[in-house]
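These notes are meant to be read with the model open.

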Amino acid sequence: MRALPEGQPTSIMNSMPRRFFLQTVGCQMNSLDSELVAAALLRAGHRQAESIGRADLILLNTCSVRQHAEDKIYSLLGRLKEIKQERPATIIGVLGCMAQKDQHEIFRRAPCVDLVVGPGQLSLVPSLVEDVAAGRGPRIEVSLDRIGSGSDRASVAKSFARFTPRDIEPTSAAAKRRRHQAMVRVAFGCDKFCSYCIVPSVRGPEQSRPASEIRDEVQRLADEGCLEITLLGQTVNSYCDATVQPAVRLSDLLVMLHEIDGIRRLRFVTNYPKHMTDDLIEAVRDLPKVSPYFHVPAQSGSNVVLERMRRGYTVESYREMLSRIRERIPNATVTSDFIVGFCGETEEDFQQTADLVRDSRFKNSFIFKYSGRPGTKAAELYADDVSEAVKRRRNNDLLAIQNEICQEDNQPFLGRTVEILVEGPSKMAKKRGEGTKRQLVGRTTCDRIVVFEGGEELVGRILPVTIETIDPFTLFGKVVDSTT
Ligand code: 5AD
Ligand code: SF4
């Protein structure tokens with residue numbers, strides 16, 4: 001394993017090293033958190049287990065955005081109870097958003113759990129595992145509340161932010177792939193309080209990391225061979241480091257990171273529509289390493305619904321923002337999220353969402369059925385009054401509209417040569433009954449998935465691929481010249 005960067009906190013392990021299995025549910029922020037927890041555990045002397053059956057430390061990094069994600073975890077915990085009965089020394093931990101939201105409730109519903117750790121306390125996982133192993137469990141570490149925990153969360157988060165995924169041993173295909181691609185958090189938390197969303201209460205107040213710290217982390221990643229950086233923030237385009245004068249906004253940060261040798265691609269997610277300022281769009285246009293790709297969730301096409309969602313913009317201003325992007329960067333791809341069946345959503349409201357999807361020609365839309373979250377304003381103020389059947393139908397209708405657009409907009413790629421960063425083996429090969437051929441997957445800068453035949457030595461290369469066939473979600477092609 002790599003040497004620790006200077007000033008890195010270390011954990012001296014008194015108990016036996018463990019084999020850990022870490023299961024992640026949820027968004028990219030959670031994937032990054034899991035990488036960091038895995039790195040911290042490896043650094044403390046533990047090792048990764050090949051399967052849950054061989055693990056004596058089982059950690060679930062959880063999501064609370066929708067009920068379904070929570071149900072999955074509670075049902076998995078039901079199964080882990082049996083493992084605990086068979087192997088009582090196994091340590092079981094619940095990490096992340098659900099840990100923060102449900103806290104002691106988790107021990108009540110799943111007595112097999114030894115550890116409950118919120119998203120702001122994840123750097124403590126190795127020492128908490130020590131405590132439990134030494135018989136000092138069960139342990140719970142969560143933020144007290146949103147307001148009171150602000151500075152605490154920041155200091156813990158800051159020390160944790162210095163762990164990078166590079167510390168994970170590149171044994172698995174996923175880890176190998178991570179050598180060329182890395183996520184870097186630029187901000188914690190969210191202050192938007194959209195009425196349906198649990199994130200601000202579980203992830204705490206919005207706090208931008210100092211730009212110099214981000215630049216150092218990206219420099220280190222570049223030195224280690226990383227080609228693509230994805231900057232992460234719940235509302236990444238409201239990033240602002242005001243500890244320096246003049247303050248560094250996301251557009252300035254992109255300029256800083258663009259100068260780092262070795263980095264070939266820069267991306268950033270997720271954007272808040274209201275903060276899509278011209279300086280940011282122009283930075284994307286003018287900086288060749290920045291991918292012309294914007295994920296900007298619209299959530300709804302109805303002003304009445306947007307107002308009830310407390311999104312803080314109208315559908316007209318969302319459309320105006322889209323035209324500003326497309327005027328300046330005609331080849332930009334935009335993706336969006338939508339919630340269907342939000343409280344009080346009428347058929348007419350839904351049709352306005354359908355119109356927005358039809359007109360906007362998103363490269364992709366992630367569509368979710370509304371799930372009431374206790375503790376949010378929507379759950380407090382409005383009835384979850386759209387039936388499950390109607391939610392499902394609206395979900396399918398919207399997907400059908402989006403899929404048609406995907407198919408049409410992939411069509412012009414036929415015969416075209418695109419540049420892709422090769423990410424790893426493709427999961428498509430099996431699905432398409434082509435298990436005998438080696439298929440790899442890569443991505444264009446406009447975030448299109450490209451599947452092609454090739455050996456694993458191509459992973460981590462940036463290559464030209466000529467597109468031969470398409471479907472709504474994938475371009476299939478052939479490498480032009482793998483020696484470039
Ligand atoms: N129900 C359904 N979808 C939700 N999202 C956030 N909260 C909820 C909820 N309560 C969706 C939004 C967000 C995405 C990450 O998850 O579309 O952009
Ligand atoms: Fe949730 Fe809204 Fe914050 Fe996104 S911007 S994390 S939807 S509260």
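1. Arg361 counts as partly exposed because its relative accessibility is 33%, where partly exposed covers the range between buried (under 20% relative accessible area) and exposed (over 50%), computed with a 1.4 Å probe and protein chains only. The phi angle of Arg361 is near 45 degrees, a positive value in a residue other than glycine, and the residue lies in the loop between α14 (347-360) and β16 (364-369). Helices here are DSSP runs of H or I with at least four residues and strands are runs of E with at least two, both numbered from the N terminus.

2. On provenance, this is a predicted model, in which local features need pLDDT of at least 70 and side-chain atom pairs count only at pLDDT 80 or more, while totals for chains, interfaces and linings use all residues. Residues are numbered from 1 along each chain as its sequence is written, chains are lettered from A and ligands numbered from 1 in the order in which they are written, and side-chain values use heavy atoms, with hydrogens and water left out.

3. Arg310 also has a positive phi, near 55 degrees, in a residue other than glycine. Arg310 is found in the loop between α12 (303-308) and α13 (315-328), and its relative accessibility of 40% is why it counts as partly exposed.

4. Two cis peptide bonds deserve a look. One joins Gly137 and Pro138, with omega about -10 degrees, and Pro138 lies in the loop between α5 (125-133) and β6 (139-141). The other runs from Gln245 to Pro246, with omega near -10 degrees, and Pro246 lies in the loop between β11 (240-241) and β12 (248-249).

5. Which residues are around ligand 2? With a heavy atom within 4 Å as the criterion, they are Cys190, Lys192, Phe193, Cys194, Tyr196, Cys197, Val199, Pro200, Gln234, Thr235, Tyr272 and Arg311. By class, this shell has eight nonpolar, two polar and two charged residues, with Ala, Val, Leu, Ile, Met, Phe, Trp, Tyr, Cys and Pro taken as nonpolar, Asp, Glu, Lys and Arg as charged, and the others, Gly among them, as polar.

6. The structure holds eight aromatic pairs, a pair being two rings of Phe, Tyr or Trp (its six-membered ring) with centres within 6.5 Å, called stacked if the planes are under 30 degrees apart, edge-to-face if over 60 and tilted otherwise. Tyr272 and Tyr313 form an edge-to-face pair, at 6.3 Å centre to centre and 75 degrees between the planes. Tyr272 lies in the loop between β13 (265-269) and α11 (278-286) and Tyr313 in the loop between α12 and α13, so the pair ties together parts that are 41 residues apart in sequence. The rings of Tyr313 and Tyr318 have centres 6.2 Å apart and planes at 35 degrees, so this pair is tilted. Tyr313 counts as buried because its relative accessibility is 9%, and Tyr318 because its value is 1%. Tyr272, Tyr313, Tyr318, Phe338 and Phe362 form one aromatic cluster.

7. Lys192 lies over the face of Tyr272, at 5.0 Å from the ring centre, and Arg416 lies over the face of Phe413, at 4.6 Å from the ring centre; the criterion is NZ of Lys or CZ of Arg within 6 Å of the ring centre and within 35 degrees of the ring normal.

8. For the chain as a whole, there are 17 helices and 21 strands, and buried residues make up 54% of the 484 residues.
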